[in-house]
Amino acid sequence: MEGRLTGWGRTAPTTARLCVPTSTAEARDAVRAAGERGTLARGLGRSYGDAAQNAGGTVLDMTSLARVRALDLEQGLVTCEAGVSLDRLMRLLLPFGWFVPVTPGTRYVTVGGAIGADIHGKNHHVSGSFGHHVTRMRLLTAGGEERELTPGDELFDATTGGMGLTGVILDATIRLLPVATSLMAVDTERAADLDELMQRLEATDHRYRYSVAWIDLVARGAATGRAVLTRGEHATLDMLTPRQALDPLAFRPRSLPAAPRGIPGGLLRTATVGAFNELWFRKAPRERRGQLQRIGAFFHPLDGVPEWNRVYGPGGFLQYQFVVPYGQEAALRSIVEQLSRHGCPSFLAVLKRFGEGGPGWLSFPMPGWTLALDLPASVPGLGPLLDRLDEQVLAAGGRIYLAKDSRMRPRTLAAMYPRLADFRALRERIDPSGVFTSDLARRLAL
């Protein structure tokens, strides 16, 4: 069956032959039958760009390989197939007092995708990325061989953050986080500008497991980079009201109607986003401590609106995420100012602090500041602007996140990821025929 695929940003669609394996044997047969355009595993399609597409080739939809194989409630370990989503793990594990160790801004990602992109969340400065918590995985290689991998193996490190290009992740064992409740104790405060925001993050981030700041990228002048800073911890039993304490581990995420189809392009203009951002900033409390929030509201607010990516209209959108090292605050400030001057209509822009990076050869996080923002693809002059920002990120010693990229140039990639040559050499050794490939891989010569 052929299908038209895009990333979550709904740009650059391509067509591939879709295969839905329901067993390891079926996945192996599909890999062996891959034609000259190769094959690639795909989860729930939440990579923003072209990382999970393979024009003219085969794409393995892994969402039917979604069995939980083992759960060790004493040690806090779960073994599951790669197609299991973080949403399902949360629904399964929270009643037992366990939580996923890392979650991005959506819980609708698969375990295989979480490993392949080495996802990060609001707790990277404390807990690192998803790969830090994987104790083993099973990988199907280009020759149809199943490899058992553990941390420290070069193939484990190349696969963690390797964007699915080393093989098909079949299952993995993940170390979990113990929690007493399914609520979050959240502190919220406003920062008048980017400098004030960075000062607060530097001074107090170590007190919190989770930390993120929403930035108003439309604001200019003295208000450039003004932000709402939100930080939290898993609530303890003594923080709950008597009613909440009756079912402290309840997890029932709420959902609104899906975003409608046929939203016209151009709806998200600078003026409309500016008005939204003004309202969002003003409604946030100047300072509020210890508010109890549901896990869904704190971690995944956009999951409450199914298919929210339609809001950007038929042209779709790009997400741009970069990291620059600590000590390069001037580069971050310059990039924020340029985005503001350009009038980029972004109402989803978040700043976080990263801790130590992991061993993944192409993993994105490194110690520093990371900014992620959504931009309508129709913004005039967007391509040249982002090319200039790439050069600034590169000059500052930073990098762009592959799981969200849809337009970076190969030369830029090679300068940002120092272990790229090792990654290419390993792929040549274990997959000399190039069985595993993607639109991203071809675009960036991975």
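1. On the basis of the model. Because the structure is predicted, local features are described only where pLDDT is at least 70 and side-chain atom pairs count only at pLDDT 80 or more, while totals for chains, interfaces and linings use all residues. Residues are numbered from 1 along each chain as its sequence is written, and side-chain values use heavy atoms, with hydrogens and water left out.

2. An unreviewed UniProt entry lists residues 11-179 as "domain: FAD-binding PCMH-type"; UniProt positions are given in the numbering used here, feature names are shortened, and annotations may be inferred rather than shown by experiment. Over residues 11-179 the chain is 20% helix and 28% strand, and the end C-alpha atoms are 39 Å apart. Helices (H or I, at least four residues) and strands (E, at least two) are DSSP runs, numbered from the N terminus.

3. On Asp-118 and His-120. Both Asp-118 and His-120 are placed in the loop that runs between helix H3 (111-116) and helix H4 (124-127). Asp-118 has a positive phi of about 45° although it is not a glycine, and at 1% relative accessibility it counts as buried, a word that means under 20% relative accessible area, with exposed meaning over 50% and partly exposed the range in between (1.4 Å probe, protein chains only). His-120 also counts as buried, at 5% relative accessibility.

4. On the surroundings of His-120. Which side chain does the side chain of His-120 meet in a polar contact? The partner is the side chain of Gln-321, at 3.1 Å, where a polar contact is a pair of N or O atoms within 3.5 Å; within protein, one must be able to donate a hydrogen and the other to accept it, and residues adjacent in sequence count only if both atoms are side-chain atoms. Not counting residues up to four places away in sequence, the residues that His-120 touches include Val-102, Pro-104, Lys-352, Phe-354 and Tyr-401, contact meaning heavy atoms within 4.5 Å.

5. On Met-163. A positive phi, of about 60°, is found at Met-163 although it is not a glycine. Met-163 lies in the loop between helix H5 (154-159) and strand E10 (168-175), and with a relative accessible area of 10% it is buried.

6. On Thr-63. The loop between strand E4 (58-61) and strand E5 (68-72) holds Thr-63, which counts as partly exposed at 30% relative accessibility. The side chain of Thr-63 makes a polar contact of 2.5 Å with the side chain of Asp-61, and, leaving aside its neighbours within four places in sequence, Thr-63 is in contact with Gly-43, Leu-44, Gly-83 and Thr-110.

7. On Arg-353 and Gly-368. Arg-353 has its place in strand E17 (residues 349-354), whereas Gly-368 is found in strand E18 (residues 368-376). Arg-353 counts as buried at 19% relative accessibility, and Gly-368 is buried with a relative accessible area of 0%. Gly-368 in turn touches residues among them Val-323, Pro-325 and Lys-352.

8. Arg-261, in the loop between helix H7 (242-245) and helix H8 (270-283), is exposed, with a relative accessible area of 69%; leaving out residues up to four places away in sequence, Arg-261 touches Glu-307 and Arg-310.

9. On helices H10 and H11. The axes of helix H10 (residues 329-342) and helix H11 (residues 382-395) come within 10 Å and cross at roughly 170°, where axes are lines fitted to C-alpha atoms, for helices over the stretch in contact, and angles run from 0 to 180 degrees between N-to-C directions. H10 and H11 are therefore roughly antiparallel to each other, a term used for angles over 145 degrees, with under 35 counting as roughly parallel, 65 to 115 as roughly perpendicular and the rest as oblique. Among the residues that meet are Ile-335 and Leu-339 in H10 and Leu-385 and Leu-389 in H11.
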